[in-house]
Amino acid sequence: MKKALFLFLCLFVAMAATAQTHQAELSAWVREICQEQVSSKAKVAGKAWTETPELCAFVRIEGDGDGVLAAQGARVLDRKGEIYIASIPLNRLQTLASQPQVLRIEANRSHQLLMDTTAIIVNALPVYAGEGLPQAYTGQGVVVGVQDVGFDLNHPNFFSADGSQYRISRFWDMLSADTLGSTLFVGADYIGEEAIRALGRSRDGDFMTHGTHTLGTAAGSGADTPFRGMAYESDICIVANAVDKDAPLISPDDYYKYTYATDALGFKYIFDYADAQGKPCVVSFSEGSGQDFRGDDVLYYSYLEELVGPGHIFVASAGNTGHYYTYIHKSPDQEGAGARVLADGSSLTFTAKSAQPFSMRVTVYNDDGSPGVKTFSVDDVMNTEKQILEDSIITSFLPYYLTVNGYPSCYNGEEMVLEGRIKTLSRMPDPDSSNPTDSIDVQLGKRQHVTVEVLGLGAEVAYYKGNGYLLEERGLSGCQKGIYSIHSPGSAPCAICVGATTHRSSYTNWRGEEQSYPESTIGEGRGKKATYSSMGPTYDGRVKPDVMAPGTFVMSSYSSYYYENNDTYDILRFTERDGRQYPWGADTGTSMATPIAAGAIALWLQANPRLTPDDVMGVLSRTSRHIDPSADYPNNNEGYGEIDVYQGLLDVLSFTGIQEIDTYQPRHARFAMAADGQLTIAFDQPLAHDAKVTVFATSGVKVLSSDITKGISQTTVALGRLPHGVYAVQITSADSAVRGSTLVRY
């Protein structure tokens with residue numbers, strides 16, 4: 001998906017343009033840029049640039065990288081060891097690639113987009129309660145960072161609950177045209193309430209609202225609604241990046257500045273702000289794009305690995321293609337396997353790989369059923385001059401053009417990969433019109449059936465969906481749903497990758513209209529995995545996602561500017577402030593699950609600001625709710641299961657190893673700690689059964705125990721002789737409303 005805009009703009013993928021004595025390893029998009037005559041007045045999306053553009057890219061350099069880049073007029077934007085993020089003039093790109101110290105240049109287009117009961121579902125309410133806990137965990141003292149698009153900066157959700165305090169401290173709008181005096185690579189940043197509120201919205205806030213919703217889910221106060229976010233008292237730092245839908249806002253001169261590397265600078269901006277404030281930080285990123293076998297994310301993932309660490313946690317979405325056919329497997333004893341293909345537009349992409357020789361066949365069926373066929377093998381592709389095969393299928397209706405690139409897999413050099421594209425005309429004569437000049441947009445595979453097959457007896461072949469869709473076809477086999485569909489950068493080893501569960505199957509909007517999705521899309525509910533949630537493994541065989549969170553019909557804030565331009569039916573209610581109507585809406589996807597998990601992790605960071613990604617993974621492995629009791633965990637459907645905020649907090653505070661402690665709080669008991677160490681436990685009504693109270697230290701040692709006689713409404717426990725610290729208090733009773741544990745600080 002990350003190449004969707006790039007594939008729309010460019011017809012062919014190419015290898016390096018010129019033969020040189022040394023050529024750095026280039027990612028696919030960088031190779032394409034080198035192929036173009038970049039020093040000429042080339043065009044982007046039909047618009048000519050007026051000066052030589054610059055490319056924002058990762059560069060791995062041995063030795064004096066600063067000197068090498070400076071010699072080519074490139075600007076260093078950041079450095080982590082041998083990995084640089086640099087702005088490179090396009091007309092110096094090939095020369096830079098030829099330098100012997102330069103090992104790799106990597107860039108690609110930016111990503112695509114992928115609460116009233118949420119806190120109850122993930123067991124967060126006990127964490128928010130000040131009584132009976134060592135403190136209230138609300139995200140206070142933690143920075144929640146969100147990089148997204150479509151922010152309404154004045155939404156009441158981003159104030160404190162009483163409206164007295166504005167909570168967004170920093171905002172970098174990468175698309176801002178207000179760049180005079182800006183020291184940032186693109187756009188401008190805004191610091192403090194006055195500057196941010198005066199701006200009002202991100203530049204794309206008129207036609208997108210995604211970031212307003214995800215930020216509200218992670219950190220919104222809820223204002224006067226029940227739709228409170230997870231870490232509702234956290235400090236907020238946000239970045240508005242660029243996705244494919246932002247293309248109309250980007251000038252041709254700046255087109256190559258918005259890449260993965262630019263997104264990485266956004267993550268760094270948030271972590272740097274948190275470090276300057278002396279606070280831990282979690283970054284939520286609800287965007288993503290497909291993986292690949294070229295290794296186009298190698299430097300990206302290495303750079304992310306350098307950004308995270310103690311108090312720096314990165315959370316990203318799994319993707320929303322779990323309900324589609326995403327994969328075809330052909331076993332060695334099969335002659336072939338395949339599917340019908342369909343695209344939203346006039347082109348689709350695909351990837352196939354095997355360690356044994358194999359072929360592919362593309363068939364287009366005419367209206368009379370006669371086929372146009374093109375078959376090609378790995379050898380056919382690799383024996384071309386640049387390992388790029390270009391061919392066509394001419395039918396009685398439309399021409400179809402094939403471009404197929406061959407290369408070894410970056411994960412296993414013994415496996416050969418064929419990566420290709422099928423394209424037809426973008427418009428065709430309207431078959432339902434008598435006017436010969438009338439035309440309609442082409443949806444590849446709709447008017448004429450198109451099938452794709454992988455062939456070769458004795459070869460085990462895997463086929464991966466790119467853009468477009470796979471459909472089961474009579475006579476073909478091998479289609480599987482959802483697997484290998486995790487999006488990048490959620491697939492990065494250092495990212496906490498979040499999938500989605502379904503708890504709400506419908507909702508009623510402000511007009512009284514019920515909104516719902518079919519079960520085939522959202523799943524059966526009751527806390528089960530949402531059908532749309534993408535699944536692993538990753539292309540290199542790792543288990544993903546890592547954890548699940550509610551993602552279906554999550555209630556949060558919407559951009560008021562977006563609503564003014566899109567009178568959408570999805571509005572739940574409005575909040576009026578300063579004469580303006582601010583909407584609240586319901587959205588669905590792993591985009592919604594990701595900020596829930598990020599907000600939960602913010603609460604854990606409040607308890608332990610030095611948590612690392614590995615620490616968080618450990619907490620998830622020990623405390624997440626297993627969705628399928630019969631499954632082994634972790635697995636590629638659900639990771640470690642659904643996040644449990646309270647049980648995770650017990651683990652962070654070192655209590656989950658104590659077998660006698662319940663992982664939920666009593667519903668009908670209230671706790672109050674006095675300065676002298678007297679702990680008072682008050683019950684909502686006289687006890688119907690005898691009970692027992694036990695106090696545990698963090699080491700697991702039982703330090704106090706006493707019986708409680710039925711019929712009483714209150715009891716006290718003396719902790720005054722114990723060392724000051726946090727203790728777990730367990731009430732054991734036959735009454736389930738009284739039984740449970742809580743934490744106290746003395």
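Trainee: How many bridges join strand β40 to β41?

Mentor: The model is predicted: local features need pLDDT of at least 70, side-chain atom pairs count only at pLDDT 80 or more, and totals for chains, interfaces and linings use all residues. Residues are numbered from 1 along each chain as its sequence is written, and side-chain values use heavy atoms, without hydrogens and water. Strands are DSSP runs (E, at least two residues) numbered from the N terminus, and two of them pair if DSSP finds at least two bridges between them. Strand β40 covers residues 691-696 and runs antiparallel to β41, and the bridges joining them number six.

Trainee: In β41, which residue is the bridge partner of Val-693?

Mentor: The open sheet has the antiparallel order β41-β40-β43-β44. Its edge strands, each pairing on one side only, are β44 (740-745) and β41 (702-708). Within β41, Val-693 has as its bridge partner Ser-706.

Trainee: In β39, which residue is the bridge partner of Ala-672?

Mentor: Another open sheet, also antiparallel, has the order β38-β39-β42. Five bridges join β38 to β39 (residues 678-683). The partner of Ala-672 in β39 is Thr-680.

Trainee: How far away from Asp-152 is the nearest side chain of opposite charge?

Mentor: Asp-152 lies in the loop between β9 (143-148) and β10 (168-173). Asp-152 is buried (under 20% relative accessible area, 1.4 Å probe, protein chains only). It has no salt bridge, a term for a side-chain nitrogen of Lys or Arg within 4 Å of a carboxyl oxygen of Asp or Glu. The nearest side chain of opposite charge (Lys and Arg count as positive, Asp and Glu as negative; His and chain ends are not counted) is Arg-580, at 5.1 Å.

Definitions and conventions: Helix = DSSP H or I, 4+ residues; strand = E, 2+ residues; numbered from the N terminus. Buried < 20%, exposed > 50% of the residue type's maximum accessible area, 1.4 Å probe, protein only.
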